[in-house]
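Dear colleague,

I am handing over the structure below, together with some notes on what was found in it. Please read them with the model open beside you.

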Amino acid sequence: MKPTLKVQVANKYFSKFVVSFDEKFIDLIVEPKADGFFAPFLWAESKKGIADISQMFAQLLLTIKPIYDKGKKNLPKYLGVFDKEKIVFVEFYHVLPIFLLNDFNWNEKPSTVSKKTENTVAKFLYPKHKKQDDTIVVYEFYFDNDEDGLKEFIKTNFTFNGDTVRLQITKNNFLHVYNRWVSEVRPSIDASFETLKESDLIDGDFYLADLLSEYNESVRKMLKVSLQKTVFHVNIKRSDRLFNELIQFNDKGYAHDKFWTKYERPSAKEDWDYMIDRRDLLVPQEIREQKGAYFTPKIWVEKSQEYLEKVFGENWQDDYYVWDCCCGTGNLLTGLTNPDNVWASTIDQPDVEVLNELIDGGYNLLKPHVFQFDFLSDEFVPKSRSGKIPDSLFNIINNPERQKNLIIYINPPYAETGDGLGTQTNKEFCFSQHKTHSRYKELLGKASHEFFSQFFIHILKTMPMATLAIFSTMKYVNSANFERFRQSFPAKFKSGFICRSDTFDNVHGKFPIGFLVWCLSQTKFPKQILIDVLGDNGEKIGKKGFYNNRKYINQWINSFPISGQSLGILYAKGMDFQNNQGLWISLEIKNSGGSQFMLSETNLIEGSIYFAVRHCLNDEHNWINHRDQFLFPNEDYKRDKRFKNDCLIYTLFHEKNRISSQNGINHWIPFSRKDVKGKDSFASTFMVNFLQTRGTLSKEANAVLESGKMLWRYYHETIKSDDNAEVNASLYDIREYFKGRVNGRMNTKSTDQKFNELDQALKDSLKNLAEVIKPKVYEFGFLLE
């Protein structure tokens, strides 16, 4: 049997090295014959037949992205691709910036690379604007004609100095090592977040100082921070201020010294220059995220333009003007046919340069219509008055009648500041750098924590007669945190759709992303909208309503009085579907970061309703209803005693009821000592007495109660000979007793088979009860369909 191509290549050209084949990720791995800490020479992709070089490299990059993200493997000096006629090498650092592109579609499968992805990779392999002294990016060798050159290339470049103790840092791995440095060394540097904020520094400046300060004075002058023995020196001159500060290690340099036993600082001047020039690669992801649009999949670009045509007519591209004010590299504008009416701006000048190269290659935009512009900070001034906005676009913005025909067509960043509790993170800091943050903070309220909301409000304030066509999450339509935003954003919904979020690159989780068209300068924000739901292939699969015309469920439960002894605390994170798993009951007092409701006899039924209507639907949670808000119900539930009792029983026996006798008196035992043959009296008979006042239960609730009784009875039979067992055990305690814990987590099953059977029977009966409660959730208006 003839060896495969990769085996043939390995045997003929790399026999002096350690060669391995990873069928799942990397076809060919070449490493030095040595033990210890070193970087591989080569990761390579092989193809049968004859293949395009850029396409092969695109496939390789998509394949190794998960390995790169995990950061556990040392990166190779070269990436390579080969087919039956040729082998091609590129040093890793040349393609490193691709891993940081915001609008590169990493969701593509390596087997089906798109032309856009292939072209993006090609720009890094074959840059059009190389300087005379630039090094060659791609090394191509054809097996028939270049065999001697190939062998010489391998002999010259696949060399190993024998130092297996420390890994040499080069331009190929300096970013990879940076991620480890941040984890191991950065915590020991006594530079506060405030220091970084005030002096416009990033952690990467301290890393560069650590890498390069030991070299000559000319190198140190190029750095914002230098390391002088064991002290970092910040020396930055700005027009308004001089920063001259010394920063120490907080552990006397222990972590720093330990780190440098594993790594060797870069020794080549070309590596120093590269690392200084590419400081941008060290900018934190959260700051990069907020600088430009994410990749919009082709299917949603096409669909969005179909919806624009529905709203504005088939000649909309001739009748209307389009501005993408956070365009990245122009992905959203693909397919537009009238470049005279389209403008594209982005915060990053490199994106402008990429777009200009695309235009040279036939992309349908005009170079004078593409410009660098920080939409949230820069002033609206035309180029003719030393501003940034092309006069052709400025004249439209500045003319109210022409502005009516302007469509702001964007897919802005979806990043948010995080906790929203007043602690300023790196991400929140990068938001606050924009003028819109301080200008509209009071107007937006809690919505100011969402980056895209700044685009909404700034567009409204600067171009109030325009139309906004925007991709974004749906929070602003129905979330309680956006109530003040909706009051400040009068707009009319024209049309739109929602699609699944994880079809977008760099967006995690499964929730609806909407493309909505808004006519600005209206009287008020709509109380409800009905929007198309599209499947992954763009097909219409239904309609979905989003509502903000009702009070929320937290306002409802807070309307009931609390008196008498405390029975426990209901903890609730958020009021929407996605946060239902953050809803539980406990005796333990915790700072959970969400809402807390004390439960007593006077609000126990309402608390049980709150708990049950949210948890009974957990198995129906999906991307479409992910952000649906639970609401203030109508009055009908008050007359349905069976519904109230069903919710009480459901709450008593649900796994998120984490009442434990270890935290206080357990008032939640729904049985008498006699019912379960307890060996001693219970400390509280509150719940069994309370249930007796509730009247007749439904058959489904009775089935749950009976299953629970069997479980409790088995527990008390089991503990008769165990003097240390808790007589007042709750359901949570009983499960913990039989299942035990490993590393603090309760096991999913017990070694006691009878307990497992009884526990499963209880869970099954609880599911049946949930099915009875579910339709009432909608009937009584806790959720709207």
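**Aromatic rings, charges and a sheet**

Ring pairs join Phe-14, Phe-17, Phe-41, Tyr-78, Phe-89, Tyr-139, Phe-141, Phe-153 and Phe-158 into a cluster. Please keep in mind throughout that this is a predicted model.

One member of that cluster, Tyr-78, also has a place in a sheet, where this residue of strand 4 is the bridge partner of Leu-42. The two strands concerned, strand 3 (residues 42–46) and strand 4 (residues 78–82), pair in the parallel sense, and five bridges hold the record of that pairing. The sheet to turn to next is an open one of six strands, in the order 1-2-3-4-5-6 and with mixed pairing. At its edges stand strand 1 (18–20) and strand 6 (138–142), and because each has a single partner strand, one side of each is left without a neighbour in the sheet. On average, and with direction ignored, neighbouring strands of this sheet are turned by 20° against each other. Helix 1 (residues 5–13) packs on the sheet, where it touches strand 1, strand 2 (28–31), strand 3, strand 4 and strand 5 (86–91), and its direction makes about 125° with that of strand 4.

Since Tyr-68 belongs to helix 2 (residues 53–70) and Phe-99 to the loop between helix 3 (92–95) and helix 4 (115–125), the pair ties together parts that are 31 residues apart in sequence. Tyr-68 counts as buried, at 10% relative accessibility, and Phe-99 is buried as well, with a relative accessible area of 6%.

Trp-323 and Phe-375 make an edge-to-face pair, because their ring centres are 5.6 Å apart and their planes stand at 75°. Here the pair ties together parts that are 52 residues apart in sequence, because Trp-323 lies in strand 12 (residues 321–324) and Phe-375 in the loop between strand 14 (370–372) and helix 16 (391–397). Both Trp-323 and Phe-375 are buried.

The charged end of Arg-265 is over the ring of Trp-260, at 3.9 Å from its centre, and that of Lys-544 is over the ring of Phe-546, at 5.7 Å from its centre.

With kind regards

Methods: Residues are numbered from 1 along each chain as its sequence is written. This is a predicted model: local features need pLDDT of at least 70, side-chain atom pairs count only at pLDDT 80 or more; totals for chains, interfaces and linings use all residues. Side-chain values use heavy atoms; hydrogens and water are left out. Helices (H or I, at least four residues) and strands (E, at least two) are DSSP runs, numbered from the N terminus. Buried means under 20% relative accessible area, exposed over 50%, partly exposed in between (1.4 Å probe, protein chains only). Rings of Phe, Tyr and Trp (its six-membered ring) pair if their centres lie within 6.5 Å; planes under 30 degrees apart count as stacked, over 60 as edge-to-face and the rest as tilted. A charge sits over a ring if NZ of Lys or CZ of Arg is within 6 Å of the ring centre and within 35 degrees of the ring normal. Two strands pair if DSSP finds at least two bridges between them. Axes are lines fitted to C-alpha atoms, for helices over the stretch in contact, and angles run from 0 to 180 degrees between N-to-C directions. Contact means heavy atoms within 4.5 Å.
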